[in-house]
Amino acid sequence: MSGSIRLVHYEDKYKENLLAFFLPKEQEEFTGMPADTLEPALQDVNRHPTVILDGDTAVGFFVLHGWEGIADVYSGGSRAMLFRAFLIDYASQGKGYAKAAMELLPSYIGTRYPGTNEVVLSVNEENSFALRLYLAAGFQDNGLRRMGPKGPQKILQYPLLGAAIISPSSPSFCGGPSGC
């Protein structure tokens, strides 16, 4: 890791590199690869594809999904953003990129998407590596759960701008066993 890690909004110049990303099957089952998530993100004004760069080299990718488009996962606030499809290319793993990206995330969102009051994510309960990373980065597990396509998931929250945290007992929580 060169120390010049940054998060940038997707540009076409990164496409070839992103589409060449590889993950072993045991990791790929927990995320969406850029080959599957980039085009839908580019077609939806509420989705914001984001590239993790080391210098000018793409080493990771994620999608920020904003506001109205995330009610199927979380309805705790109209200014929440869902952090999804996060991955570090296999060739770049083990170098601190995931941790660095998570450290940059709150300020990146605050600067690029002012007014966002919360970042949420859904992590499969079996994905212990990602769960440890997110908790270490300051995301909070407040007991929110949902059933995802690959099993039970924890909804983790990271408040921005002094936002209130939604818990399963909050009237605006959507995602429990009964759905919305």
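## Basis of the model

Because the model is predicted, local features need pLDDT of at least 70 and side-chain atom pairs count only at pLDDT 80 or more, while totals for chains, interfaces and linings use all residues. Residues are numbered from 1 along each chain as its sequence is written, and side-chain values use heavy atoms, with hydrogens and water left out.

## Nonpolar cores

The largest nonpolar core holds 29 residues, of which I52, L64, F83, F86, L105, I109 and Y134 touch the most other members. Here a nonpolar core is a set of buried Ala, Val, Leu, Ile, Met, Phe, Trp, Tyr and Cys residues joined through side-chain atoms within 4.5 Å, and buried means under 20% relative accessible area, exposed over 50% and partly exposed in between (1.4 Å probe, protein chains only). Two or more residues of this core come from each of β1 (5–9), β3 (57–66), β4 (80–88), α4 (97–112), β5 (118–124) and α5 (128–136), with the largest share, 8 residues, supplied by α4. Helices (H or I, at least four residues) and strands (E, at least two) are DSSP runs, numbered from the N terminus.

Apart from this core lies another, of 16 residues, which includes M33, L38, A58 and A85.

## Helix α3

In helix α3 (residues 34–43), the buried residues are P34, T37, L38 and A41. Seen down the axis of α3, they fall within an arc of 105°, so they line one face of the helix; the arc is that of the directions from the helix axis to the C-beta atoms. On the other side of α3, A35, D36 and Q43 are exposed, whereas the cover over its buried residues includes α1 (15–19), β2 (47–54), β3 and β4, with contact taken as heavy atoms within 4.5 Å.

## The largest pocket

The largest pocket contains about 1,000 Å³ of space. A pocket is an open set of points on a 1 Å grid over the protein atoms alone, where a 1.4 Å probe fits, with protein on both sides within 12 Å along at least five of seven lines, and lining residues have an atom within 4 Å of a point. Of its 39 lining residues, F30, T31, F86, N127 and Y134 are the closest to the centre, and β4 gives the largest share of the lining, 7 residues.

## Lysine 99

K99 lies in helix α4 and is exposed, with a relative accessible area of 54%. K99 and L133 are 34 residues apart in sequence and 7.0 Å apart in space, C-alpha to C-alpha.

Technical notes
Points joined across faces, edges and corners; volume = space filled by probe spheres on them.
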